[in-house]
Structure formats: C-alpha cells, structure tokens
Amino acid sequence: MKAEEQIHSLGETLAETMCLTFKSKDEITSLPVCREAAVLRRANSEGFAKLLFQNQVLCKSIIADWDYINKNENVMLMFTKSMFFEKCVYLCWCMVIQDPVMYLDDDPVLYTQIDKNTYEEFAKSGDSVAYVVWPALFLHKGGPLLYKGVVQAYWKKEEDIDE
C-alpha cells in the first residue's frame, strides 16, 4: 500500500498543479513523472527499505494482524527488530516496487491436494497440504512462476476423503 500511495500521491500532486483531470488511477500513474519516480525509487530501494525498518512503519499493526495460535508478543517485538526482519522488509519492498508488482501466492487451502507444479514438500512427503512453509512467488499476479512454494505435506487417509 505504501508503494502504491507514493506513486499515486506524486501523480495526483502533479495533475492538480498542472490542472489535469484523470478518470482513473492508471492514467495518473502512467504520467512520465510517475514512471521516472518509479525508476528512481528502484535505484534507492535499499535506503528506503532501511527507513521503513528503522521507523517501524510496517510494524505498527503486525502483532495484531499476525494470526498465529501460539504467538508471543515479546518474541514478535524482538522479531520485528531483528536483522532477518530488516532483510524481509527490503525484499518485500523490492517486490512491490516492480512494474508489475511481484506476487506471493495466496496460501493454498489446508487439507487439500498439493499442486506439485507450484509447491514442493518440506520435511515429509504426502499428497495434501498440512501448512504452508513459504508461498510460491510469481512474476506478477496471474504471471509465470518464479520460485516454487514449500508446504508441509501429509498423506490424506481414505476416511478424510469422505469428510
């Protein structure tokens, strides 16, 4: 959302200054100034991601938003200040400032059959999804697969099929 806001805000400001009217967000973001800003933003991605991390811009609601049964607030606070999390912020920022935006697959539905073209098994083999270790990465939504996701698998029993 932050990446989208930046370009849209820049385009709106220019359109307002130049007394231009646009019917859609796409028209605004296709302005030459927005395209040039996107190039500059990619060139400075590391610096901006560092700023996002240092100011904890992305962490304000992470504890409330992270839906995990055994979450521990203290552990999560330590996690959001870790070098690992900083790298995650950087990689995610780099993914969303691409045009088109790279896409992490929606989690496959638990207890359904594994799509072996998109996901590989983690520690155990099986035919069904127990949980997602890491989602699949696509060039863009609906685009080609860049990297297979990983799921923990299990073998679905016949009595599970009837349910």
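Mentor: Let's start at Thr 80, which sits in the loop between α6 (73–79) and α7 (83–96). Helices (H or I, at least four residues) and strands (E, at least two) are DSSP runs, numbered from the N terminus. This is a predicted model, in which local features need pLDDT of at least 70 and side-chain atom pairs count only at pLDDT 80 or more, while totals for chains, interfaces and linings use all residues. Residues are numbered from 1 along each chain as its sequence is written, and side-chain values use heavy atoms, leaving out hydrogens and water.

Trainee: Why is Thr 80 called buried?

Mentor: Buried means under 20% relative accessible area, exposed means over 50%, and partly exposed is in between (1.4 Å probe, protein chains only). Thr 80 has 3% relative accessibility, so Thr 80 counts as buried.

Trainee: Which backbone oxygen lies 2.9 Å from a polar atom of the Thr 80 side chain?

Mentor: That of Leu 77. A polar contact is a pair of N or O atoms within 3.5 Å; within protein, one must be able to donate a hydrogen and the other to accept it, and residues adjacent in sequence count only if both atoms are side-chain atoms.

Trainee: What makes Lys 124 exposed?

Mentor: Its relative accessibility is 55%, so Lys 124 counts as exposed. Lys 124 is in the loop between β2 (119–121) and β3 (128–134).

Trainee: Which residues does Lys 124 contact, leaving aside neighbours within four places in sequence?

Mentor: Gln 152 and Ala 153, with contact meaning heavy atoms within 4.5 Å. Lys 124 and Gln 152 are 28 residues apart in sequence, yet 6.5 Å apart C-alpha to C-alpha.

Trainee: What makes the pairing of Glu 86 and Lys 50 a salt bridge?

Mentor: The term asks for a side-chain nitrogen of Lys or Arg within 4 Å of a carboxyl oxygen of Asp or Glu. The N to O distance for Glu 86 and Lys 50 is 2.9 Å, so the pair qualifies. Glu 86 lies in helix α7 and Lys 50 in helix α4 (residues 45–54), so the pair ties together parts that are 36 residues apart in sequence. Glu 86 counts as buried at 17%, whereas Lys 50 is partly exposed at 39%.

Trainee: How many salt bridges does the structure hold?

Mentor: Two. Glu 121 also forms one with Lys 116, with the closest N and O atoms 2.8 Å apart. Glu 121 is partly exposed at 27% relative accessibility, and Lys 116 is partly exposed at 42%.

Trainee: Which residues of α1 and α3 meet?

Mentor: In α1 they are Ala 3, Gln 6, Ile 7, Leu 10, Gly 11 and Leu 14, and in α3 Val 33, Cys 34, Ala 37, Ala 38 and Arg 41. By class, that contact has eight nonpolar, two polar and one charged residues. Ala, Val, Leu, Ile, Met, Phe, Trp, Tyr, Cys and Pro count as nonpolar, Asp, Glu, Lys and Arg as charged, and the others, Gly among them, as polar.

Trainee: And the whole chain: how many helices and strands are there?

Mentor: Eight helices and six strands. Buried residues make up 29% of the 163 residues in the protein chain.
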